[in-house]
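Please read the following account alongside the sequence and the coordinates. It goes through sheets, helix packing and backbone details in turn.

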Amino acid sequence: MRTTASSLKSKDLLGIEPLTPDEISLILDTAEGFKEVSERPVKKVPALRGQLVINLFMEASTRTRVSFEIAEKRLSADTLNFSASGSAVEKGETLIDTAENLVAMRPNMIVMRHKHPGSPKMLAERFENISVINAGDGAHEHPTQALLDAFTIRERLGRLQGVNVSIIGDIKYSRVVRSNIHLLTKMKANVTLAAPPSLMPVEIEKMGVRVVHSLDEAIEGADVIMMLRIQLERQGKLSFPSLREYYNTFGLTPERLRRAREGVIVMHPGPMNRGVEIASDVADGPWSVILEQVTNGVAVRMAVLYLLGGAHSGANE
Amino acid sequence: MNVKKRLLDGSRMVRAIRRMAIEIVERNRGIDDLMIVGIRSRGVPIAERIAKEIEQMEGQPVATGILDITLYRDDLTLVAPQPVVKPTKLPESIEQKVIVLVDDVLYTGRTVRAALDALVDFGRPRQVMLAVLIDRGHRELPIHADVIGKTVPTDAHEVIKVKMAELDGDDEVLIMEK
């Protein structure tokens, strides 16, 4: 599918839910152009020169923060990393006050991760001259992860429409899965979910997905298997008897993968719990595109930053 | 917009491109180290046709590439909507090569300025030449073309429309009035 949209409607990327299929295609097509930049001898283009991007990470993150920072640097933006620990947040400053102070220093964009769903939206509505990119808000959305997953699927399989994607694991506490369901259903892929009952939200079928109850059912006929991390930190206590038991019923192993279609690809948003949701032989095996996802993450984030910061700011002038 | 005049039809365009190819080979005294690089989007088919003419003349193929300059534009935040960013494709290193940049119309010179910036991010060519199908004047930067298909004096309110069979269905160059 090739895009017909030439710019994004919103100044912000708060989630996949508000995007149209055309806008999703525009971001993925643009990312194809940016992937080439990372393979050049000089991995830098001047598109966002002079723009200041603040990475406001109020929750731990390695991959996403590093990926955004690399994307910003390859676009020649100035970057500033702000994390909760070691800042005035520890002295009790509220998010709004922190943001007001950062905005007073005239950034162009804020990339934000926060444990409270909707907090990027709050900032986006408060600051009308600043583009806010959601880098994960609680269990709500993580749009750039879903976009890089879709980019990887499209690159590997040539399309999204009609592709059978099975998402397995911690559906309940995952923001990645919510963004992925929105994206994949908008692009007409077939989504199947599998999880222990305690990790499967009720009525999730209303989002247009198929729910199955065993790993084998989910693997059967899948083109793409997306394993989710068991969010030990978000659960408080385990929603199943033991990690060993989880591995035995929902862990992806080479033996179980035999039921999938030939050419199946295995994805994981990271960080992985090896031996819990995924066997090392799968994570490092020929099916795995997990490191391609990481590479593609930079291209997709460059596309989003460019479309919001470079190409978009002029659309309103 | 109204068509004011047809500057080139299909057969005249073929001849113009053939002459550009001859001039490139002459100026370079052969095709050693030569790479023909089209600027997206209409520079690309013109570059390919020049390369084809050179191959017919010289009996061996010449390297071709594609340059996307969207990210190097100086009007990134002024013009909307922007074209979708596409990959730059260069078949080999440009170090010590003679690069012929190809575009359809030379006007303000800003596209060429952006193309030069984009190009040097890939290395240090020995020489860069500029070949354009139409030179319409009104430069805003100190840039000139080395090889020109047709020079056309224009008014600033006129628009040059280049159509290429590969992208637009047929070949012609029109001068339009706003």
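**Sheets, helices and backbone**

In chain B, β2(B), α2(B) and β3(B) form a right-handed β-α-β unit. A crossover is called right-handed if, with the strands pointing away from the viewer, the path from the first strand over the helix to the second runs clockwise. Helices (H or I, at least four residues) and strands (E, at least two) are DSSP runs, numbered from the N terminus. This is a predicted model, in which local features need pLDDT of at least 70 and side-chain atom pairs count only at pLDDT 80 or more, while totals for chains, interfaces and linings use all residues. Residues are numbered from 1 along each chain as its sequence is written, and chains are lettered from A and ligands numbered from 1 in the order in which they are written.

The two strands of that unit, β2 (residues 34-39) and β3 (residues 63-67) of chain B, are joined in the parallel sense by five bridges. Strands count as paired if DSSP finds at least two bridges between them. Within this pairing, Met35(B) stands opposite Ala63(B) of β3(B).

Both strands belong to an open sheet of five strands in chain B, ordered β3-β2-β4-β5-β6, with parallel pairing. Its edges are β3 and β6 (147-151) of chain B, each of which pairs on one side only. From one strand to the next the twist averages 25°. Further along the order, β4 (residues 98-106) and β5 (residues 127-135) of chain B run parallel and are joined by eight bridges. There Val100(B) has Met129(B) in β5(B) as its bridge partner. In a regular strand the side chains alternate between the two faces of the sheet.

Two helices lie across these strands. α1(B) lies across β2, β4, β5 and β6 of chain B and runs at about 150° to β6(B). Helix α3 (residues 110-120) of chain B lies across β2, β3, β4 and β5 of chain B, at about 155° to β4(B). Such angles run from 0 to 180 degrees between N-to-C directions, and the axes are lines fitted to C-alpha atoms, for helices over the stretch in contact.

Chain B also has an open sheet of three strands in the order β1-β8-β7, with antiparallel pairing. Here the edge strands are β1 (2-8) and β7 (158-163) of chain B, each pairing on one side only. The twist in this sheet averages 25° from one strand to the next. β1(B) and β8 (residues 172-177) of chain B run antiparallel and share five bridges; Asn2(B) stands opposite Glu177(B) in β8(B).

Next comes helix packing. Two packed helices are described by the angle between their axes and the distance between the axes. In chain B, the axes of α1 (residues 10-28) and α2 (residues 43-58) come within 9 Å and cross at roughly 65°. The crossing of α1(B) and α2(B) is right-handed, the term for a near helix turned clockwise from the far one, whereas left-handed means anticlockwise by less than a right angle. Among the residues that meet are Ile17(B), Met20(B) and Ile24(B) in α1(B) and Ile46(B), Ile50(B) and Ile54(B) in α2(B). Residues are in contact if their C-beta atoms, placed from the backbone, lie within 7 Å. By class, this contact has nine nonpolar, no polar and four charged residues. Ala, Val, Leu, Ile, Met, Phe, Trp, Tyr, Cys and Pro count as nonpolar, Asp, Glu, Lys and Arg as charged, and the others, Gly among them, as polar.

The axes of α5(A) and α6 (residues 175-186) of chain A come within 8 Å and cross at roughly 55°. That makes α5(A) oblique to α6(A). Angles under 35 degrees count as roughly parallel, over 145 as roughly antiparallel, 65 to 115 as roughly perpendicular and the rest as oblique. Helix α1 (residues 21-37) of chain A packs against α5(A) at about 70°, with the axes 10 Å apart. That makes α1(A) roughly perpendicular to α5(A).

Some backbone details lie in loops. The peptide bond from Arg40(B) to Ser41(B) is cis, with omega near -5°, and Ser41(B) sits in the loop between β2 and α2 of chain B. In chain A, the bond from Gly270(A) to Pro271(A) is cis, with omega near -10°.
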